[in-house]
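Here is a friendly walk through a protein model for someone who likes cut-offs stated plainly. Have the coordinates open as you read.

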Amino acid sequence: MEYRKDYFTGTQTQDLTEVGVTRQRSDVLGHVTGKTQYYADRQFAGLLHLKMVRSPHHHARIKSIDVAKALKVPGVVRILTAKDVPQNIYTILCLIQVEPNDEPVLAFDKVRFKGEQIVAVLAESEAAARDAAAKVKIVYEVLPAVFDVEEALKPGAPLVNEYHGRNYFTYEGHHCRRVRYGDVERAFAKADHVVEEMYQSSPIEHAPTETTGCIVVPDQNDRYTCYSNTQALYFTLDNTALILNSPFQKLRLVGGTVGGGFGGKVDVITEPIAFLAAMLTKRPVKYEYSREEEMQVSSPRAAERIYIKDGLMKDGRITARKVTLYVDAGAYSRHSPYGTTKAAAHMPGPYTIPNVWVDCHCVYTNRTPSSAMRGFGVTIGDFALEVQMDKLARLIGMDPMEFRILNAYRDGDMKAHQKQVEGAALVECVQAAADLARWPLCDRSKTASSLKREV
Amino acid sequence: MTRKRGRGMAAVNYPTGMNLGGDPSQALIHATTTGSFVVTLSSVDLGQGLKTVMAQICAETLGVPTDNVIIDTADTDTGPHCMGTFASRGTHRIGNAIIMAAKEARAVMLEVAAEELEVDAGDLVTDGAGAIHVKGSPQKSISIFNVALAAHFKHGKSISGRGIFLQPRSYPEPETGKMTPATCYAHACTVAEVEVDTETGEVAVLSLKSAYEVGRALNPRMVEQQIIGGAWMGISHALYETTEPYYPDRAHGPVDFNQYLMPGPGDLPEFANVVIERPAADGPFGAKGVGEMTANSPIPAIANAIFDAVGVRVDSLPITPEKVLRGIRALNA
């Protein structure tokens, strides 16, 4: 890695001694010698294992649940259903006013995606818990399911989530998060070219080495300690207290060693039910996703479908950008309403475009709920925007680097969300990457600067 | 069989911290009797090196060596609130909380040193090596070890500080989307070079050459670690990964690493990286969040390079050999 100190000279503080220098990561020796203690390395006498009975259907009504045979499996200690969960319906961002609560900890009236958790089995061994889970008998009435975001928004589509009453999240009375800046239709009418394209991504997994999980241990004084690999201790603590109707001070979260996060450990799925199980049995309880659960049941990155329509002039200026974006939230909100707003805020990318129209839809489907993942709301948008930029540059025969520099935002420009640009540095990144790749630039692009727009 | 080469580029920016703000983090700092400094957090180090960078930020602010700083974190019984480690927020939010706490602790440390040296606290400087002396008179000096002992046992003073950082929440205007999503943005540009096998549709990434503007690289090797790790994830997104290969159809979902495809070390390209620093006005020593962004620019750069190589646009991720091959066949039809 090299530094380019010739950009933004004079803006950096020079007299620092402790920052700006490389120091070895504090955990690296433990990791490479196999000595690091993860939550699952902790040993507790009398540990119970929790295994979930999961929905085999994408969408179904639960007619009955029969646990009698499962209870007879040797080693089974207790079986939990929705009736055991004090506040069974929650949503993770309720404390920052994302509403409504829309997800059961344990499903009871219906299931909304394949793999949804319904019954928790607690047993002395993993094998006993698994055997018993297989013996829980659930009768379903299969319902029609919807898997496509645009199908889900059509009239007559199966209703995925009754707590929303429709298959999308409502943003202050609007059916999507919107941005309106200038007049795109007028600009399209005057543009030399109008280019409309569609982009699509599939869900992907965080693929951590260590699967999501926790162990909850009853302390001597009616408090409970949870050893977890969560990325956010207080999300877990606060949501758990609300779900269990528990005083907050009864709960303690200990974490800090995570075998791969990438956003996959920001949900609050394993801890509340493990806390509940430990409270009801007065025994330590471990709930750990199997690799299959991590891949198919834990939240992936949302699939997104993005339509971009651009107005382009022959000289390379983009005069209008209209974006219609669909986030496939799956069956429940989790972090998707937040990510959808982030997607709207990100448009039209790091470019100054005078007319912008954005509709970002957070859509419910009968799919594994999506949630946080590295860059969500931005990563797939950038894929769409930057492939679109390549197409536009080629259409008018302009070098793609020069095209980026021409349209890149500069300090003082106005963004579509009506915030003035400060601290821009896209132009310089393009210039430096061009240098590195020996990609020739014209003089006008070489002397361009984020500090001011050349006339 | 023909292998065709192509190159493509992409440029991106990335906001630091939770979108719309409203995501506080706190830090508490206290000195031990012997002049070590304990930073108490509830933040989680995901393995990216948060603890190391936080120790560096604390040390720089206090004016002590980083080795004298202990990071105690990830226990809700002891650590003050942190929103969590996500949204490229750790360095910026927690770093700023630590600077605030360390400034308060430093003021007490200098007060005690001033009383011990019988000088004015305003005349004192730290040497960064474990001592405090009068500006311009290095011989009139006291070690931080002795300052801490004196604070505890002679003056009855707690060398400690409290810090919090909160970017106040912005509420988008529902009609227009007028909002403040973030206060600073990192930037990147990547040039990808690929080789496409026109018989199998397989894509090999030959090189990724990128420039990253990060505000300030607080620990350069850890910035590079983020860049390489992120780019690897970007290659994986672009060409390999999905839990639903025939989305929106839910069939054929992988359940283990035999079925869930990812590039291995042998699939890594040549990397060349350049770092640019334009300090953020509200960043700790100018730093911006760079963690998430590093996965983003390689994805479209690779897609554009594939088009450059074989004239096929694959506008859906991942760009599998099947999709590339179908595209090549459609061109030749």
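Predicted model: local features only at pLDDT ≥ 70, side-chain atom pairs only at ≥ 80, totals over all residues.

Residues are numbered from 1 along each chain as its sequence is written, chains are lettered from A and ligands numbered from 1 in the order in which they are written, and side-chain values use heavy atoms, with hydrogens and water left out.

**Salt bridges**

Side chains of opposite charge can pair when their charged atoms come close. The rule used here for a salt bridge asks for a side-chain nitrogen of Lys or Arg within 4 Å of a carboxyl oxygen of Asp or Glu. Over all chains, the structure holds 53 salt bridges. Some examples are set out below.

| Pair | N to O distance |
|---|---|
| A:E293 and A:R54 | 2.8 Å |
| A:K154 and A:E151 | 3.0 Å |
| A:D310 and A:R321 | 2.8 Å |
| A:D267 and A:R334 | 3.7 Å |
| A:R367 and B:E244 | 2.1 Å |

Take the salt bridge between A:E293 and A:R54 to begin with. The pair links distant parts of the chain, 239 residues apart: A:E293 is in helix α8 (residues 291-296) of chain A, and A:R54 is in strand β2 (residues 48-54) of chain A. Helices (H or I, at least four residues) and strands (E, at least two) are DSSP runs, numbered from the N terminus. A:E293 and A:R54 are both buried; the accessibility classes are buried for under 20% relative accessible area, exposed for over 50%, and partly exposed in between, with a 1.4 Å probe and protein chains only.

Is the pair A:K154 and A:E151 buried or partly exposed? A:K154 has 44% relative accessibility, so this lysine counts as partly exposed, and A:E151 is partly exposed too, at 40%.

Next comes the salt bridge of A:D310 with A:R321. A:D310 lies in strand β16 (residues 304-312) of chain A and A:R321 in strand β17 (residues 318-330) of chain A, so the pair ties together parts eleven residues apart in sequence. Both A:D310 and A:R321 are buried. Elsewhere, A:R223, A:R252, B:D75 and B:D77 are joined into one network by salt bridges that share partners.

**Domains of chain A**

An automatic or database domain assignment supplies the domain bounds. Chain A is divided into domain 1 (48-143 + 207-296), domain 2 (146-204 + 300-398) and domain 3 (408-455). The centres of domain 1 and domain 2 of chain A, taken over C-alpha atoms, are separated by 33 Å. With contact meaning heavy atoms within 4.5 Å, 27 residues of domain 1 of chain A are in contact with 25 residues of domain 2 of chain A.

The size of an interface is often given as the accessible area lost when the parts come together. Buried area here is the accessible area (1.4 Å probe) that two parts lose on being put together, summed over both. Between domain 1 and domain 2 of chain A, that area is about 2,100 Å², with carbon and sulfur atoms giving 54%. A:D102, A:R112 and A:F113 supply 29% of the area that domain 1 of chain A buries against domain 2 of chain A, more than any other three residues. Four salt bridges cross the interface of domain 1 and domain 2 of chain A.

**Where chain B meets chain A**

How many residues does the contact take from each chain? The contact takes 121 residues from chain B and 121 residues from chain A. About 10,300 Å² is buried between chain B and chain A, 57% of it from carbon and sulfur atoms. B:Y247, B:R250 and B:R278 supply 8% of the area that chain B buries against chain A, more than any other three residues. Across this interface the rule finds eleven salt bridges.

**A closer look at A:E386**

A:E386 lies in helix α10 (residues 379-395) of chain A and is buried, with a relative accessible area of 1%. Leaving aside neighbours within four places in sequence, A:E386 has contacts that include A:Y351, A:R404, B:A10 and B:P300. A polar atom of the A:E386 side chain lies 2.8 Å from the backbone nitrogen of B:A11.

How values were computed. Polar contact = N/O pair within 3.5 Å; in protein donor to acceptor, adjacent residues only side chain to side chain.
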